[in-house]
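Notebook open, structure loaded. I wanted to look up a few side-chain contacts, a helix pair and some charged pairs.

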Amino acid sequence: MSVRIRGERIREDARWTRARLGRCGPALDLLTARFDRHVYAPHAHAEFTIGVTVGGLEVIDYRGGRIHSGPGSIVILEPGEMHTGGPAGPDGGYSYRALYATPDLLADGTLGTGPRHFREPVLDDPELAAALLRTHTELSACPDPLEAESRLPWLLTALARRHSTARAASDTVPGAAAIAHAVRDRLADELTDPPSLAALATDLGLSRYQLLRAFRTAMGVPPYAWLAQYRVHRARGLLECGLRPAEVAALVGFADQAHLTRWFRRVLGVTPAVYRNSVQDGG
């Protein structure tokens, strides 16, 4: 949203998306914000606030001091900590993307009990910042539950392992190949409404992080990416039978035709419509 104040266009925009971590799993909120003038009143959250500054310079009152965050910085504010947020100067705005994660999401893959502690609220980690931004952007556009559960807990564990005071747990998962194949088979059997990774992990006597580690080790990709490619494989057969892309998307479990098209192009390099027309012309 933008308004004019004394002839000057002021941009104040905040958009929320809710992603669910697996089928019937807990929700996690994603915020995309761009402010020229807005200053938050002092407040606190029950969750960890994890943001990446996209543009401008933000100033935050936090833990009795004042911190600044510029483009590419990761900001992590712990649960219950009062803080503000606003532009660092009168002539510059700021934009950022943030997610709000319950403490348990940062505990998996690390040792110890209790909430994870971050001594520094502003982190310089370009690789992780880029991964958080990419994941936030893609899930805000299409908050697929399995994709959200495959990507967000993995990144939050990486954040805790790299930057919190907690020590990393062992990455060794005995029988990784057998675990991955069991998960793969369940996802293939239930491709239109896949089970949550948390439920699958419980069935296998694992944590979700251990399941993700085993699957990535054995299959080379996270569960959502494997399932998306399997769905594309199934979609090809239906398109070859003459079904329209919109019909096919629902039958193989994609959210809509756009979701099918995104993955179809990633895997095969063409859109479903082009593929359908080409195989029909060739026949």
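**Entry 1: a tyrosine pair.** I started with the side chains of Tyr96 and Tyr40, which are joined by a polar contact of 2.7 Å. (That term takes a pair of N or O atoms within 3.5 Å; within protein, one must be able to donate a hydrogen and the other to accept it, and residues adjacent in sequence count only if both atoms are side-chain atoms.) Before going on, I noted that this is a predicted model: local features need pLDDT of at least 70, side-chain atom pairs count only at pLDDT 80 or more, and totals for chains, interfaces and linings use all residues. Residues are numbered from 1 along each chain as its sequence is written, and side-chain values use heavy atoms, with hydrogens and water left out.

Tyr96 sits in strand E10, residues 94-101. (Strands, E, need at least two residues and helices, H or I, at least four; both are DSSP runs numbered from the N terminus.) Tyr96 is buried, at 9% relative accessible area. (Buried is under 20%, exposed over 50%, partly exposed in between, with a 1.4 Å probe and protein chains only.) I listed what Tyr96 touches beyond four places in sequence, including Leu31, Phe35, Val52 and Glu58; contact means heavy atoms within 4.5 Å.

**Entry 2: H2 against H5.** The axes of helix H2 (residues 145-163) and helix H5 (residues 208-219) come within 10 Å and cross at roughly 105 degrees. (Axes are lines fitted to C-alpha atoms, for helices over the stretch in contact, with angles from 0 to 180 degrees between N-to-C directions.) I therefore logged H2 and H5 as roughly perpendicular, a label for 65 to 115 degrees. Among the residues making the contact are Trp154 and Arg161 of H2 and Tyr209 and Arg216 of H5.

**Entry 3: salt bridges.** I found 20 salt bridges in the structure. (Each is a side-chain nitrogen of Lys or Arg within 4 Å of a carboxyl oxygen of Asp or Glu.) Arg162 and Glu127 form one of them, at 3.1 Å from N to O. Arg162 is in H2 and Glu127 in helix H1 (residues 126-141), so the pair ties together parts 35 residues apart in sequence. Arg162 is partly exposed at 42%, while Glu127 is exposed at 56%.

Arg266 bridges to Glu138, with the closest N and O atoms 3.6 Å apart. That pair links helix H8 (residues 257-268) to H1 across 128 residues.

Which residue does Arg161 form a salt bridge with? I got Asp171, at 3.0 Å between the closest N and O atoms. Asp171 lies in the loop between H2 and helix H3 (176-189).

Conventions
Angles under 35 degrees count as roughly parallel, over 145 as roughly antiparallel, 65 to 115 as roughly perpendicular and the rest as oblique.
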